[in-house]
Amino acid sequence: RAKEAGRNGVEFFTPGMDSVGGERLSLEYALRGALDRDELVLHYQPLMSADGRLVGAEALVRWQHPELGLLLPGRFIAIAEESGLILSLGKRVLHAVCAQLAAWRAAGLPLVPVAVNISALQFRRADFVDSIAAALHRHDIPAGLLTLELTESMVMRDVEQVARQLAELKALGVSIAIDDFGTGYSSLAYLKRFPLDKLKIDQSFVREINAGPEDRAIVASIVGLGHNLGLELVAEGVETESMASTLRQLGCDALQGWCYGHAEPADIFAARLEPAA
Ligand code: C2E
Ligand code: MG
Ligand code: MG
Ligand code: MG
(Lines give C-alpha, C1' and ligand atoms only; values in the text may rest on other atoms or scores of the structure.)
(Ligands and ions follow the chains in the order given, each with its own letter.)
Protein backbone atom coordinates (compact mmCIF):
# COMPACT_ATOMS: atom_id res chain seq x y z
CA ARG A 1 0.00 0.00 0.00
CA ALA A 2 2.84 2.35 0.80
CA LYS A 3 4.11 1.55 -2.66
CA GLU A 4 0.83 2.69 -4.28
CA ALA A 5 0.92 5.99 -2.41
CA GLY A 6 4.51 6.29 -3.55
CA ARG A 7 3.55 6.36 -7.21
CA ASN A 8 2.33 9.88 -6.57
CA GLY A 9 5.63 10.81 -5.06
CA VAL A 10 6.16 13.59 -7.65
CA GLU A 11 3.50 15.51 -5.76
CA PHE A 12 6.02 16.67 -3.25
CA PHE A 13 7.33 19.13 -5.77
CA THR A 14 4.02 20.96 -6.16
CA PRO A 15 3.67 24.45 -4.72
CA GLY A 16 2.12 24.68 -1.28
CA MET A 17 3.91 21.55 -0.28
CA ASP A 18 2.38 20.21 2.92
CA SER A 19 4.37 19.08 5.90
CA VAL A 20 4.08 15.43 4.94
CA GLY A 21 5.55 16.24 1.54
CA GLY A 22 8.26 18.26 3.20
CA GLU A 23 9.11 15.46 5.55
CA ARG A 24 9.32 13.00 2.66
CA LEU A 25 11.59 15.25 0.70
CA SER A 26 13.92 15.81 3.64
CA LEU A 27 13.87 12.11 4.43
CA GLU A 28 14.86 11.33 0.86
CA TYR A 29 17.68 13.84 1.10
CA ALA A 30 18.76 12.35 4.43
CA LEU A 31 18.60 8.81 3.05
CA ARG A 32 20.85 9.82 0.19
CA GLY A 33 23.36 11.06 2.77
CA ALA A 34 22.90 7.92 4.84
CA LEU A 35 23.91 5.82 1.86
CA ASP A 36 26.96 8.01 1.33
CA ARG A 37 27.91 7.83 5.01
CA ASP A 38 27.14 4.13 5.27
CA GLU A 39 24.57 4.51 8.04
CA LEU A 40 22.55 1.49 6.99
CA VAL A 41 23.09 -1.65 9.04
CA LEU A 42 21.78 -5.17 8.73
CA HIS A 43 20.20 -7.11 11.54
CA TYR A 44 19.71 -10.85 11.33
CA GLN A 45 16.64 -12.72 12.51
CA PRO A 46 16.89 -16.48 13.17
CA LEU A 47 14.86 -18.98 11.19
CA MET A 48 14.20 -22.22 13.07
CA SER A 49 13.24 -25.68 11.85
CA ALA A 50 10.06 -27.20 13.31
CA ASP A 51 12.28 -29.25 15.62
CA GLY A 52 14.02 -26.15 16.92
CA ARG A 53 17.34 -26.00 15.05
CA LEU A 54 18.74 -22.82 13.53
CA VAL A 55 18.30 -23.27 9.78
CA GLY A 56 18.77 -19.77 8.45
CA ALA A 57 18.48 -16.05 8.94
CA GLU A 58 16.74 -13.12 7.32
CA ALA A 59 18.77 -9.96 6.81
CA LEU A 60 16.66 -6.89 7.69
CA VAL A 61 17.95 -3.42 6.99
CA ARG A 62 17.97 -0.64 9.60
CA TRP A 63 19.09 2.94 9.44
CA GLN A 64 21.35 4.07 12.25
CA HIS A 65 20.23 7.69 12.17
CA PRO A 66 22.58 10.09 14.00
CA GLU A 67 19.70 11.95 15.71
CA LEU A 68 16.65 9.73 15.47
CA GLY A 69 18.33 6.47 16.48
CA LEU A 70 17.70 3.13 14.86
CA LEU A 71 15.00 3.45 12.19
CA LEU A 72 13.04 0.43 10.93
CA PRO A 73 12.43 -0.12 7.20
CA GLY A 74 8.80 1.00 7.56
CA ARG A 75 10.18 4.53 7.93
CA PHE A 76 12.35 4.61 4.80
CA ILE A 77 11.86 1.71 2.35
CA ALA A 78 8.86 3.33 0.64
CA ILE A 79 10.82 6.54 0.13
CA ALA A 80 13.80 4.56 -1.12
CA GLU A 81 11.52 2.90 -3.67
CA GLU A 82 9.87 6.12 -4.82
CA SER A 83 13.18 7.89 -5.26
CA GLY A 84 15.02 5.02 -6.90
CA LEU A 85 17.50 4.97 -4.01
CA ILE A 86 16.34 1.40 -3.38
CA LEU A 87 18.68 0.32 -6.20
CA SER A 88 21.81 1.43 -4.41
CA LEU A 89 20.34 0.38 -1.06
CA GLY A 90 19.62 -3.08 -2.48
CA LYS A 91 23.12 -3.38 -3.88
CA ARG A 92 24.61 -2.44 -0.50
CA VAL A 93 22.47 -4.97 1.30
CA LEU A 94 23.42 -7.74 -1.08
CA HIS A 95 27.13 -7.05 -0.77
CA ALA A 96 26.89 -6.57 2.98
CA VAL A 97 25.23 -9.98 3.37
CA CYS A 98 27.85 -11.72 1.23
CA ALA A 99 30.64 -9.90 3.10
CA GLN A 100 29.10 -10.94 6.44
CA LEU A 101 28.91 -14.58 5.36
CA ALA A 102 32.56 -14.39 4.30
CA ALA A 103 33.51 -12.84 7.66
CA TRP A 104 31.68 -15.55 9.61
CA ARG A 105 33.36 -18.19 7.48
CA ALA A 106 36.77 -16.59 8.09
CA ALA A 107 36.00 -16.71 11.83
CA GLY A 108 35.45 -20.45 11.49
CA LEU A 109 31.70 -20.34 12.14
CA PRO A 110 29.34 -22.84 10.52
CA LEU A 111 27.14 -20.92 8.09
CA VAL A 112 23.39 -20.98 7.51
CA PRO A 113 21.60 -19.60 4.44
CA VAL A 114 20.68 -15.92 4.68
CA ALA A 115 17.56 -14.47 3.08
CA VAL A 116 17.59 -11.02 1.49
CA ASN A 117 14.51 -8.96 0.65
CA ILE A 118 14.48 -7.83 -2.96
CA SER A 119 12.48 -4.85 -4.14
CA ALA A 120 10.47 -4.80 -7.37
CA LEU A 121 12.67 -2.16 -8.99
CA GLN A 122 15.78 -4.22 -8.31
CA PHE A 123 14.22 -7.42 -9.58
CA ARG A 124 13.13 -5.80 -12.85
CA ARG A 125 16.61 -4.58 -13.74
CA ALA A 126 18.04 -6.36 -16.76
CA ASP A 127 21.31 -6.94 -14.86
CA PHE A 128 19.67 -8.34 -11.72
CA VAL A 129 20.87 -11.94 -12.12
CA ASP A 130 24.37 -10.75 -13.03
CA SER A 131 24.48 -8.53 -9.95
CA ILE A 132 23.60 -11.50 -7.73
CA ALA A 133 26.25 -13.65 -9.40
CA ALA A 134 28.82 -10.85 -9.04
CA ALA A 135 28.14 -10.36 -5.32
CA LEU A 136 28.49 -14.11 -4.67
CA HIS A 137 31.62 -14.32 -6.75
CA ARG A 138 33.26 -11.27 -5.21
CA HIS A 139 32.99 -12.76 -1.72
CA ASP A 140 33.38 -16.36 -2.85
CA ILE A 141 30.05 -17.40 -1.31
CA PRO A 142 28.29 -20.58 -2.50
CA ALA A 143 24.96 -19.62 -4.10
CA GLY A 144 23.15 -22.11 -1.86
CA LEU A 145 23.78 -19.77 1.09
CA LEU A 146 21.64 -17.03 -0.43
CA THR A 147 17.85 -16.93 -0.48
CA LEU A 148 16.05 -14.17 -2.35
CA GLU A 149 12.70 -13.06 -0.94
CA LEU A 150 10.34 -11.83 -3.65
CA THR A 151 6.68 -10.91 -3.33
CA GLU A 152 3.72 -12.18 -5.29
CA SER A 153 3.15 -8.86 -7.06
CA MET A 154 6.73 -8.95 -8.36
CA VAL A 155 6.36 -12.32 -10.07
CA MET A 156 2.80 -11.91 -11.32
CA ARG A 157 3.66 -9.45 -14.08
CA ASP A 158 5.76 -10.05 -17.21
CA VAL A 159 5.42 -13.73 -16.51
CA GLU A 160 7.61 -14.91 -19.39
CA GLN A 161 10.42 -12.59 -18.43
CA VAL A 162 10.08 -13.53 -14.75
CA ALA A 163 10.12 -17.24 -15.62
CA ARG A 164 13.37 -16.80 -17.55
CA GLN A 165 14.94 -14.77 -14.78
CA LEU A 166 13.93 -17.26 -12.09
CA ALA A 167 15.33 -20.10 -14.19
CA GLU A 168 18.66 -18.24 -14.39
CA LEU A 169 18.69 -17.67 -10.63
CA LYS A 170 17.88 -21.32 -10.10
CA ALA A 171 20.75 -22.33 -12.38
CA LEU A 172 23.02 -20.09 -10.34
CA GLY A 173 21.99 -22.04 -7.26
CA VAL A 174 20.25 -19.42 -5.12
CA SER A 175 16.95 -20.22 -3.39
CA ILE A 176 13.77 -18.31 -4.10
CA ALA A 177 11.11 -17.60 -1.48
CA ILE A 178 7.79 -15.84 -1.90
CA ASP A 179 7.46 -13.42 1.03
CA ASP A 180 4.18 -12.36 2.65
CA PHE A 181 2.45 -15.20 0.82
CA GLY A 182 -1.33 -14.99 0.69
CA THR A 183 -1.65 -11.21 0.80
CA GLY A 184 -0.94 -10.35 -2.81
CA TYR A 185 -2.74 -11.16 -5.99
CA SER A 186 -1.92 -14.83 -6.05
CA SER A 187 -2.58 -16.63 -9.24
CA LEU A 188 -2.01 -20.24 -8.30
CA ALA A 189 -1.33 -21.08 -11.94
CA TYR A 190 2.05 -19.38 -11.72
CA LEU A 191 3.15 -21.30 -8.68
CA LYS A 192 3.60 -24.43 -10.76
CA ARG A 193 5.53 -22.65 -13.51
CA PHE A 194 8.15 -20.96 -11.39
CA PRO A 195 11.12 -22.77 -9.84
CA LEU A 196 10.37 -21.65 -6.28
CA ASP A 197 11.76 -23.12 -3.07
CA LYS A 198 9.73 -21.62 -0.24
CA LEU A 199 6.54 -19.87 0.66
CA LYS A 200 6.64 -17.56 3.65
CA ILE A 201 3.13 -17.42 5.08
CA ASP A 202 2.24 -13.82 5.86
CA GLN A 203 2.14 -12.68 9.46
CA SER A 204 -1.48 -11.61 9.12
CA PHE A 205 -2.53 -15.29 9.03
CA VAL A 206 -0.20 -16.19 11.88
CA ARG A 207 -1.14 -13.37 14.26
CA GLU A 208 -4.53 -14.85 15.23
CA ILE A 209 -3.77 -18.46 14.47
CA ASN A 210 -5.17 -19.50 17.87
CA ALA A 211 -8.05 -17.04 17.95
CA GLY A 212 -10.49 -18.95 15.74
CA PRO A 213 -10.75 -21.56 13.01
CA GLU A 214 -10.41 -19.21 10.01
CA ASP A 215 -6.71 -18.49 9.99
CA ARG A 216 -5.97 -22.10 10.89
CA ALA A 217 -7.94 -23.21 7.85
CA ILE A 218 -6.11 -20.73 5.62
CA VAL A 219 -2.68 -21.76 6.90
CA ALA A 220 -3.54 -25.47 6.61
CA SER A 221 -4.57 -24.91 2.98
CA ILE A 222 -1.43 -22.94 2.14
CA VAL A 223 0.74 -25.63 3.74
CA GLY A 224 -1.08 -28.38 1.81
CA LEU A 225 -0.82 -26.48 -1.46
CA GLY A 226 2.85 -25.67 -0.95
CA HIS A 227 3.82 -29.18 0.08
CA ASN A 228 2.00 -30.67 -2.88
CA LEU A 229 4.10 -28.41 -5.08
CA GLY A 230 7.27 -29.52 -3.33
CA LEU A 231 7.83 -26.19 -1.55
CA GLU A 232 9.10 -25.52 1.93
CA LEU A 233 6.67 -23.69 4.20
CA VAL A 234 7.85 -20.96 6.53
CA ALA A 235 5.61 -19.13 9.01
CA GLU A 236 6.63 -15.60 9.94
CA GLY A 237 5.57 -13.46 12.87
CA VAL A 238 5.59 -16.39 15.30
CA GLU A 239 5.46 -14.57 18.63
CA THR A 240 4.58 -17.25 21.18
CA GLU A 241 5.22 -20.92 21.86
CA SER A 242 1.49 -21.63 21.52
CA MET A 243 1.48 -20.11 18.02
CA ALA A 244 4.60 -22.14 17.19
CA SER A 245 2.93 -25.31 18.44
CA THR A 246 -0.16 -24.78 16.25
CA LEU A 247 1.99 -23.97 13.21
CA ARG A 248 4.07 -27.10 13.71
CA GLN A 249 0.88 -29.17 13.96
CA LEU A 250 -0.29 -27.62 10.71
CA GLY A 251 2.92 -28.82 9.06
CA CYS A 252 5.06 -25.68 8.75
CA ASP A 253 8.68 -26.65 8.10
CA ALA A 254 10.30 -23.56 9.55
CA LEU A 255 9.31 -20.77 11.91
CA GLN A 256 10.49 -17.21 12.28
CA GLY A 257 9.45 -14.67 14.88
CA TRP A 258 9.99 -13.10 18.27
CA CYS A 259 9.32 -16.46 19.92
CA TYR A 260 12.80 -17.46 18.69
CA GLY A 261 14.49 -14.11 18.42
CA HIS A 262 14.21 -10.58 17.10
CA ALA A 263 16.38 -9.30 14.28
CA GLU A 264 19.71 -8.65 16.02
CA PRO A 265 23.08 -7.10 15.14
CA ALA A 266 25.47 -9.42 13.31
CA ASP A 267 27.84 -9.92 16.25
CA ILE A 268 24.97 -10.98 18.51
CA PHE A 269 23.45 -13.24 15.87
CA ALA A 270 26.87 -14.84 15.37
CA ALA A 271 26.64 -16.43 18.84
CA ARG A 272 23.81 -18.58 17.46
CA LEU A 273 26.17 -19.97 14.84
CA GLU A 274 28.69 -21.25 17.41
CA PRO A 275 28.68 -25.03 17.36
CA ALA A 276 27.42 -26.41 20.70
CA ALA A 277 30.76 -27.40 22.24
P1 C2E B 1 9.42 -8.84 5.79
O2 C2E B 1 10.44 -9.23 4.81
O3 C2E B 1 8.11 -9.53 5.72
O4 C2E B 1 10.13 -9.03 7.21
C5 C2E B 1 9.46 -9.45 8.38
C6 C2E B 1 9.17 -8.29 9.30
O7 C2E B 1 8.49 -8.77 10.47
C8 C2E B 1 10.44 -7.62 9.85
O9 C2E B 1 10.11 -6.24 10.06
C10 C2E B 1 10.62 -8.31 11.20
O11 C2E B 1 11.39 -7.56 12.12
C12 C2E B 1 9.19 -8.43 11.64
N13 C2E B 1 8.99 -9.53 12.58
C14 C2E B 1 9.76 -10.62 12.75
N15 C2E B 1 9.25 -11.43 13.70
C16 C2E B 1 8.11 -10.85 14.14
C17 C2E B 1 7.13 -11.22 15.11
O18 C2E B 1 7.18 -12.26 15.76
N19 C2E B 1 6.07 -10.36 15.26
C20 C2E B 1 5.96 -9.22 14.55
N21 C2E B 1 4.90 -8.44 14.77
N22 C2E B 1 6.87 -8.83 13.62
C23 C2E B 1 7.93 -9.65 13.42
P24 C2E B 1 11.10 -5.09 9.63
O25 C2E B 1 12.51 -5.46 9.95
O26 C2E B 1 10.56 -3.82 10.21
O27 C2E B 1 10.98 -5.06 8.05
C28 C2E B 1 9.77 -4.70 7.43
C29 C2E B 1 9.82 -4.95 5.94
O30 C2E B 1 10.79 -4.12 5.32
C31 C2E B 1 10.23 -6.38 5.57
O32 C2E B 1 9.14 -7.25 5.71
C33 C2E B 1 10.66 -6.17 4.14
O34 C2E B 1 9.56 -6.18 3.28
C35 C2E B 1 11.27 -4.77 4.18
N36 C2E B 1 12.73 -4.87 4.21
C37 C2E B 1 13.56 -5.14 5.27
N38 C2E B 1 14.85 -5.16 4.89
C39 C2E B 1 14.86 -4.91 3.55
C40 C2E B 1 15.92 -4.81 2.56
O41 C2E B 1 17.12 -4.99 2.82
N42 C2E B 1 15.52 -4.51 1.28
C43 C2E B 1 14.21 -4.34 0.94
N44 C2E B 1 13.91 -4.06 -0.35
N45 C2E B 1 13.21 -4.44 1.84
C46 C2E B 1 13.53 -4.73 3.13
MG1 MG C 1 11.19 -10.87 4.10
MG1 MG D 1 7.24 -11.14 5.21
MG1 MG E 1 7.19 -7.65 3.53
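**Magnesium sites and overall fold in a predicted model**

View 1. Donors are N, O and S atoms within 2.8 Å of the metal (3.2 Å for Na, K and Ca); water is not among the atoms, so sites may look incomplete. This is a predicted model, in which local features need pLDDT of at least 70 and side-chain atom pairs count only at pLDDT 80 or more, while totals for chains, interfaces and linings use all residues. Residues are numbered from 1 along each chain as its sequence is written, and ligands are numbered from 1 in the order in which they are written.

**View 2. Asp179 between two ions.** Asp179 bridges the magnesium ion (ligand 3) and the magnesium ion (ligand 2), which lie 4.1 Å apart. With 7% relative accessibility, Asp179 counts as buried, whereas Asp180 is partly exposed, with a relative accessible area of 27%. Buried means under 20% relative accessible area, exposed over 50%, and partly exposed in between (1.4 Å probe, protein chains only).

**View 3. The surrounding chain.** The chain has 13 helices and ten strands; helices (H or I, at least four residues) and strands (E, at least two) are DSSP runs. Of its 277 residues, 47% count as buried. Its C-alpha trace spans about 55 × 45 × 40 Å along the principal axes.

Methods:
Heavy atoms only, no water.
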